[in-house]
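Here are my notes on the model, as numbered points. Please read them with the structure open.

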Amino acid sequence: MIDDRTQDIEAMRARVDRMGEYLRLDAKSAEIAELEAKTAKPGFWDDQQSAQSIMASVSALRDEVNSYELVVTGLDDVEVANELAVSEEDAELSAEVRRDLALIASRVDDLELASWFTGEFDSGDAIVTILPGQGGLEAQDWAEMLMKMLTKYADRKKWKVDIHDAPAGNELGIDRALFTVHGHNAYGMLQAEAGVHRLVRISPTDEKKRRQTTFAGIEILPVLPDDVEIEIKEEDLRIDVYRSSGPGGQSVNTTDSAVRITHIPSNIVVTCQNEKSQHKNKETALTILKARLYEREEERRLKELEALKGEKKDISFGSQIRSYVLYPYQMVKDHRTGVETGNVDAVLDGAIDEFVVGYHRWRVGEQEAAVDRGGA
């Protein structure tokens with residue numbers, strides 16, 4: 001007997017139509033046209049960094065629009081094929097319909113993920129800060145492990161990473177990490193990682209091989225667009241320059257190119273040393289300072305921390321969003337969503353899509369439930 005997939009196709013079409021509304025495809029097509037007009041202007045490539053960013057945005061937006069159109073076309077074709085398979089009782093064509101519908105479902109899952117990012121800065125780049133918490137020197141090692149996990153995840157997503165500051169710890173790991181992730185929906189996606197991460201393992205530095213629990217915190221901020229104005233007065237800044245260093249304190253530059261900017265009124269400190277140019281480091285530090293000042297203003301104005309990065313907690317027991325257990329068993333579990341896996345090595349190697357997607361599906365579900373409760 002031939003399976004009639006009409007109901008599955010209709011349900012899929014309803015889901016696709018709903019996502020088309022969320023994706024605001026007309027607005028995205030208009031944005032593509034606007035950005036492409038910029039690329040045609042004389043001198044567009046004079047600023048290489050800006051030009052590459054615009055081209056990447058055009059490519060990402062065009063991919064999103066094309067992906068949606070490809071799903072719609074594929075669904076039309078599957079509908080016709082299903083009708084033919086049923087009327088002709090063609091088992092081979094029916095099997096092909098089943099395979100094609102599964103492929104479309106996978107593409108729709110990807111589109112659904114993109115439709116969740118409707119925040120003002122969700123589609124843009126992200127500034128990531130990783131700080132060791134409780135656990136002494138081993139927390140510094142854990143901070144470095146998290147930095148590698150996120151940079152490998154970015155590599156899997158084909159995002160570009162610029163590491164601005166990651167000084168070596170006293171004996172192992174890093175004292176902190178500060179880097180920018182450039183990619184479509186980088187800020188939206190990486191908000192899933194904001195919070196306290198807990199590691200349980202046999203201590204690599206303990207001669208008695210006792211179990212150790214350590215913590216590190218991840219903060220995610222958006223790279224603000226140029227049209228977002230944040231006033232920064234020169235007289236409010238203290239700018240220190242020094243020689244940048246690599247692991248172990250060894251000099252990597254022979255000039256004083258590293259920059260530390262202190263915003264005196266807020267006491268916010270930003271350090272950048274990845275570039276050989278002092279000017280470039282200063283420019284990057286000011287971009288990060290701008291994001292931090294924006295965040296502080298949002299917190300003050302809205303009276304809550306959830307505006308950009310969620311509730312801020314101590315980097316210690318009871319505050320973790322996710323636990324990574326290497327001993328006495330192996331498991332990674334997200335305490336918000338319940339998503340878990342026993343493949344710890346893969347997760348630490350950057351395979352965290354399951355957790356990122358799981359978080360956003362949970363987040364959207366919570367938002368929709370809140371709306372339903374409000375309307376009840």
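**Notes on the predicted model**

1. Start with the crossing of H1 and H4, which is left-handed. The model is a predicted one. Helix H1 covers residues 6-23 and helix H4 covers residues 91-115. Their axes come within 10 Å and cross at roughly 25 degrees. Angles under 35 degrees count as roughly parallel, so H1 is roughly parallel to H4.

2. Which residues of H1 meet H4? On the H1 side they are Asp8, Ile9, Met12, Arg15, Val16, Met19, Tyr22 and Leu23. On the H4 side they are Leu101, Ile104, Ala105, Val108, Asp109, Leu111, Glu112, Ala114 and Ser115. Sorted by class, this contact of H1 with H4 holds 12 nonpolar, 1 polar and 4 charged residues.

3. Next, the open sheet. Three strands, 3 in number, run in the order E6-E7-E8 with antiparallel pairing. E6 (237-242) and E8 (268-272) stand at the edges. Each has a single partner strand, so one side of each is left without a neighbour in the sheet. From one strand to the next, the twist averages 15 degrees.

4. Look at the pairing of E6 with E7. Strand E7 spans residues 258-263. The two strands pair in the antiparallel sense, over 6 bridges. What is the bridge partner of arginine 238 in E7? It is threonine 262. In general, strands of a sheet pair through backbone hydrogen bonds, either parallel or antiparallel.

5. Is alanine 37 buried, exposed or partly exposed? Its relative accessibility is 43%. Buried means under 20% and exposed means over 50%, so alanine 37 counts as partly exposed. Alanine 37 is found in helix H2, residues 25-39.

6. Alanine 37 also gives a distance to check. Threonine 129 lies 92 residues from alanine 37 along the chain. The C-alpha atoms of alanine 37 and threonine 129 are separated by 35 Å.

7. Finally, the whole chain. The protein chain has 9 helices and 11 strands. Its C-alpha atoms fill a box of roughly 75 × 65 × 45 Å, taken along the principal axes. Of the 376 residues in the protein chain, 43% are buried. Among contacts with a separation of 6 or more, 64% are between residues 24 or more positions apart.

Definitions and conventions. Residues are numbered from 1 along each chain as its sequence is written. This is a predicted model: local features need pLDDT of at least 70, side-chain atom pairs count only at pLDDT 80 or more; totals for chains, interfaces and linings use all residues. Side-chain values use heavy atoms; hydrogens and water are left out. Two strands pair if DSSP finds at least two bridges between them. Helices (H or I, at least four residues) and strands (E, at least two) are DSSP runs, numbered from the N terminus. Axes are lines fitted to C-alpha atoms, for helices over the stretch in contact, and angles run from 0 to 180 degrees between N-to-C directions. Buried means under 20% relative accessible area, exposed over 50%, partly exposed in between (1.4 Å probe, protein chains only). Angles under 35 degrees count as roughly parallel, over 145 as roughly antiparallel, 65 to 115 as roughly perpendicular and the rest as oblique. A crossing is left-handed if the near helix is turned anticlockwise from the far one by less than a right angle, and right-handed if clockwise. Contact means heavy atoms within 4.5 Å. Ala, Val, Leu, Ile, Met, Phe, Trp, Tyr, Cys and Pro count as nonpolar, Asp, Glu, Lys and Arg as charged, and the others, Gly among them, as polar.
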